[in-house]
Amino acid sequence: MTVSRSICFGFLAVITVGTILLMMPFSTSSGMWNNPIVALFTATSAVCVTGLAVEDTGTYFSFWGQLFLLILVQIGGLGYMTANTFLLLLLGRRFSLKDKIAIQQSLDRPGIHGSTQILRSIIALTAVMEITGILVLLPVFNADYGFTQGLWLAVFHSINSWNNAGFSLFPDSYIRYQFYLPLVIPVSALIILGGIGYPVIFEMYLWMRDRLLRKPYRTVFSLNFKVATSTTLALLVIGTIAFLFIELRNPETFGTVNFGNQLVLAWFQSVTTRTAGFNSIDIGRMTTAGLFLTIALMFIGASPGGTGGGIKTTTARVLANCTKAILQGKEDVEMYQRQVPISLILKAIGVVVGSTVTVILATILMSITDPAVNFIKILFEVVSAFATVGLSTGITASVSASGKLILIVTMFVGRVGILLLMAALLGDPRPRAIRYPEENLLVG
């Protein structure tokens, strides 16, 4: 079995086990057997770190159901291969060459050397960040709910924030805390750091270490670091300004509060569209322009190597620079005084085209199965599912069973990645010894 198929089947296996656990009577607060569609949808949403829910997580599921959901989110956030490797490390098993190749492909690294050390670092970083989030959020929830329940709320929301999952134990997500900076700031930080990618955080750590130790040869930031950080920062700033401008006069979202609170709402909305899925306003009451802006930001998503989804910031940046090169009459695509290889450009094009086709097909199918639902809301739901965001205009629970199944498949495709899924279906490409002659054609 190829590595791509192993990863896909691994995710399917985790979803299957999660569905069975969430179907059990002890997983629901009513003590009754769970609806199979609800269990399958919730398990898929958790493993794919999406956050879309057909039932209120805090009231529908018991403590055990919430715990199982949290475990699924953690496995999904780490990725199947990382979680599986962690178990192998605990068991003390030695890694075969096939295991190392699988790790290398799952991490999208150029070589297999040092992959197990990278995985140990990822697990350690995840633990540190989530525990830090718990300690920071505990005083917030402890003041309102007491220590025991406050601790569970801190654990649940810290893990969901770092993994960009978006499940909340509150029926209105964070609307009740929409202006409360002691919650908005740490949750925003966890979302951004979780979505920006492990490689970026490691490079920043090495750079800071070298400066503190005053080493003569300091870490030089890679092209991936420069592109991921600059694009993320630009999208956060642009998103905040755009949401503030678009929703400024909407009395259902921003229009009735002062400018300082409007800025907080716009900032959190810009952050959470980067595949986090929490909301501090009623998404269903946003303007059409606000919904479309959210769709665009969700589609771009987070950065490679992180816990978020979407086509990734680096993919969008590569294609933007391709357009810039064409407009300037250049034959090479350059970024930060580096030339982008043609293989990377082709991969970026493949990701965007495959993602766009997936969204279009899912939107068409849902428009057929749920014709009464507004088109913009269907498109919003599909992009949210594909980009593993979890934001919703409120139609998730009301769509038909067929519509829910379409969203389930869309979440799975978005989580494993369109290129990896096609490799699993078609098999790994074989090397070719034949090169055909070039010929021009009309484009554009």
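The crossing of helices α15 and α16 is right-handed, meaning that the near helix is turned clockwise from the far one by less than a right angle. In this predicted model, local features need pLDDT of at least 70 and side-chain atom pairs pLDDT 80 or more, whereas totals for chains, interfaces and linings use all residues. Residues are numbered from 1 along each chain, and side-chain values use heavy atoms, without hydrogens and water.

Helix α15 spans residues 342-369 and α16 residues 375-386; their axes lie 9 Å apart at an angle of about 135 degrees. In the contact (heavy atoms within 4.5 Å), α15 contributes Ser 355, Thr 358, Val 359, Ala 362, Thr 363, Met 366 and Ser 367, and α16 contributes Phe 375, Ile 378, Leu 379, Val 382, Val 383 and Phe 386. Nine of these residues are nonpolar, four polar and none charged.

The structure also holds one cavity of 30 Å³ or more, a cavity being a set of points on a 1 Å grid where a 1.4 Å probe fits but cannot get out. The largest cavity has about 70 Å³ of space. Its lining (residues with an atom within 4 Å of a point) consists of Asn 164, Ile 191, Ile 192, Gly 195, Ile 196, Thr 232, Arg 274, Ala 302 and Ser 303. Helix α9 (residues 181-196) supplies the largest share, four residues. By class, the lining has four nonpolar, four polar and one charged residues.

Terms used:
Axes are lines fitted to C-alpha atoms, for helices over the stretch in contact, and angles run from 0 to 180 degrees between N-to-C directions. Helices (H or I, at least four residues) and strands (E, at least two) are DSSP runs, numbered from the N terminus. Ala, Val, Leu, Ile, Met, Phe, Trp, Tyr, Cys and Pro count as nonpolar, Asp, Glu, Lys and Arg as charged, and the others, Gly among them, as polar. On a 1 Å grid over the protein atoms alone, a cavity is a set of points where a 1.4 Å probe fits but cannot get out, and a pocket is an open set with protein on both sides within 12 Å along at least five of seven lines; lining residues have an atom within 4 Å of a point. Grid points are joined across faces, edges and corners, and a volume is the space filled by probe spheres set on the points.
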